[in-house]
Amino acid sequence: MSALRFSDTISAALADGILVVTIDNAPVNALSADVRSGLMAALEHAEKDGAVAGVVLTGAGNSFIGGADIKEFGKPPVEPHLPDVISRIEAFAKPVVAAINGVALGGGLEAALACHRRLAAPTAKLGLPEVKLGIVPGAGGTQRLPRLTGIAAAIDMTANARIVSAAEALKLGIVDGVAKGELIAEAIADAQTANATSLRRTGSRTVPPEATDAIDKAASDALRKARGQRAPVEAIRLVRLAATAPLSEGLAEERRTFIALRDSEEAAALRHVFFAERAAGKVEGLEAVAPRSIETIGIVGTGLMGSGIAVSALNGGFRVIGVEQTIDAADKGRERIAGLLDKAMQSGRLDAAGREDRLSRLTITADMQQLTQADLVIEAVFDDLTVKTDLFQRLDAIVRADAILATNTSYLDPDAIAAATKLPERVVGLHFFSPANIMRLLEVVKCKNTAPDVLATALTLAKRLGKLPVVSGVTEGFIGNRIFSAYRREAEYMVEDGASPQEIDAALEAYGFPMGPFAVFDMAGLEIAWARRKRQAATRDPAERYVVIADRLCEAGRFGQKTGRGWYAYPNGKRTVDPEVTAMIEAARAEKGIVPKSFTAEEIVSRLLKAMVDEGEALLAEGIAARASDIDLVMINGYGFPASKGGPMFAAGRR
């Protein structure tokens with residue numbers, strides 16, 4: 001039988017009495033209005049055609065259904081609505097089998113849950129990530145999933161937006177099988193053997209019983225991670241509801257909650273972040289520029305930062321050559337990298353075979369000449385201009401002429417580093433955030449002479465490393481650290497003006513930051529910023545306001561958590577207010593004749609937000625950042641700004 005077409009994105013073909021319906025809506029088979037109407041038409045045909053004994057639903061390419069169509073975000077809904085499509089699938093009189101060939105996310109998983117059987121490809125990924133957009137599943141996900149997995153696992157997946165593999169989905173009961181051979185052929189066989197008189201409709205099942213303690217733990221864990229966001233809280237409530245309410249009531253309450261959240265400021269902020277991430281990788285002028293091929297990455301320095309970068313590169317499938325100054329240092333570097341891989345195994349993110357594969361692609365050496373094999377070399381050495389320029393001059397004489405050189409500096413001028421080389425056009429900044437194997441943000445610094453294909457290569461590399469690349473121009477601290485410096489400065493001004501470090505931290509944590517600024521300073525260590533302030537002392541404007549408290553903490557040997565004392569004291573590792581610091585703050589105020597005043601939490605947040613936004617506006621005016629949304633991404637992914645607030649520029653109305 002020839003192929004049938006039910007819409008621009010839905011086609012079907014009859015195979016052995018089973019209608020195989022294929023969604024083809026590149027790139028991820030999103031549930032557009034055309035897909036929804038096409039599915040309804042295909043079901044109508046299957047219902048009326050006596051030659052059709054069942055239906056297999058699958059996707060073209062690497063996706064089953066990737067979720068909602070982002071082009072429809074913020075627009076009035078178009079019929080048929082997804083809940084109606086899904087209800088039609090579940091109520092269908094003939095067997096419907098989901099052949100999950102790739103990602104099934106959001107509405108895609110909801111559609112699969114409504115099918116009578118689910119078969120997954122071994123590489124499939126399944127999840128309900130709606131809370132990342134400030135909403136909950138709106139087409140039955142919170143009601144059908146727990147009927148298969150139980151309440152605790154459903155809370156984990158919906159409230160944490162956790163995506164599971166096909167193997168885990170099988171263990172949880174989400175899918176009935178993982179294909180051993182050809183997925184569609186096995187799905188057709190499944191549909192042929194299904195009994196049309198006793199179809200397993202997910203919505204008709206009862207939620208399996210489980211221990212209350214397990215449910216409560218899943219809920220409390222998710223609430224802790226939610227940090228005040230509404231969507232995870234509502235997801236937990238709705239999943240729990242599935243155990244006590246009939247399906248119709250649960251679906252009605254889910255839909256009501258979905259619509260309320262969809263129209264909230266939190267959802268608007270998270271939609272902004274969603275679109276910002278898609279815009280960040282688009283750089284004007286690079287549309288037709290082809291990136292260079294990168295297979296082998298050299299990393300000079302395998303300390304904390306270098307070892308994290310190495311693991312990221314190994315995870316990305318690259319061959320890695322790490323270089324140290326001595327054989328002993330090289331051995332220690334290899335141990336550090338192996339240790340990070342071991343931690344990934346312990347947490348379940350990596351298996352033994354994956355660990356061995358990564359180590360087989362790793363070489364650590366004290367012989368810099370081995371970098372002749374590298375397509376790109378990243379330096380991760382001490383952040384000193386002389387050290388870095390000397391290294392780049394040595395690399396100039398070793399690496400191939402077509403190899404790219406990348407600096408990981410946080411504050412130094414990469415143009416000055418590039419100028420020390422023979423080919424400055426091949427130099428780019430790759431500012432990783434620590435720990436580099438965990439942190440998603442990567443500032444890609446476009447130097448004055450960086451060639452377009454070098455910049456394009458850096459962006460492609462970042463994506464292969466699983467990073468979120470944001471392009472920055474050259475300025476001290478780039479986008480993130482320059483704004484963070486303004487944030488730090490304003491926080492210290494407020495301490496001098498009368499706020500306590502703990503009051504400021506509490507206000508920012510209540511706003512949604514995982515940690516307040518002073519707790520962060522202590523965790524990172526106070527000595528790096530102190531060294532930078534000392535370097536700048538000679539050129540600092542004497543008329544500029546300067547707070548000496550942080551310097552005095554360092555002079556007293558208070559470098560933060562590592563020394564057990566910083567802005568706070570850490571007896572037994574626990575953060576506590578230290579009267580000694582309070583006395584130092586009061587003394588500094590008295591020296592300037594400052595009469596301390598009190599601040600409300602709202603005033604603290606407002607003042608710090610303004611400091612970030614003012615610096616962000618300066619970065620935009622100078623052309624350092626291309627768009628306000630790039631600044632938001634940097635502060636969310638590198639500095640803990642709450643994503644549910646959309647970033648500082650969004651929160652301030654700069655949209």
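Okay, let's start with E509 and R575, whose side chains meet in a salt bridge, 3.5 Å from N to O. By salt bridge I mean a side-chain nitrogen of Lys or Arg within 4 Å of a carboxyl oxygen of Asp or Glu. This pair links distant parts of the chain, 66 residues apart: E509 sits in helix α19 (residues 501-511), and R575 in the loop between α22 and α23. Helices here are DSSP runs of H or I, at least four residues, and strands are runs of E, at least two, numbered from the N terminus.

Quick caveats. This is a predicted model, where local features need pLDDT of at least 70 and side-chain atom pairs count only at pLDDT 80 or more, while totals for chains, interfaces and linings use all residues. Residues are numbered from 1 along each chain as its sequence is written, and side-chain values use heavy atoms, with hydrogens and water left out.

How many salt bridges does a search of the whole structure find? It's 45. One of them joins K610 and D614, at 2.7 Å from N to O. Because they're four residues apart in helix α24 (residues 601-621), about one helical turn separates K610 and D614. There's also a network: salt bridges with shared partners join E490, E496, D497, R545, K592 and R607.

Now back to that loop between α22 (549-555) and α23 (579-592), which also holds R558. Is R558 buried or exposed? It counts as buried, because its relative accessibility is 0%; the cut-offs are under 20% relative accessible area for buried, over 50% for exposed, and partly exposed in between, using a 1.4 Å probe and protein chains only. R575, by contrast, is partly exposed at 35%.

What does the R558 side chain make a polar contact with? The side chain of D578, at 2.7 Å. A polar contact is a pair of N or O atoms within 3.5 Å; within protein, one must be able to donate a hydrogen and the other to accept it, and residues adjacent in sequence count only if both atoms are side-chain atoms.

Last stop, the sheet. It's open, with four strands in the order β5-β7-β9-β10 and mixed pairing; strands pair if DSSP finds at least two bridges between them. β5 (63-65) and β10 (164-165) are the edge strands, each pairing on one side only.
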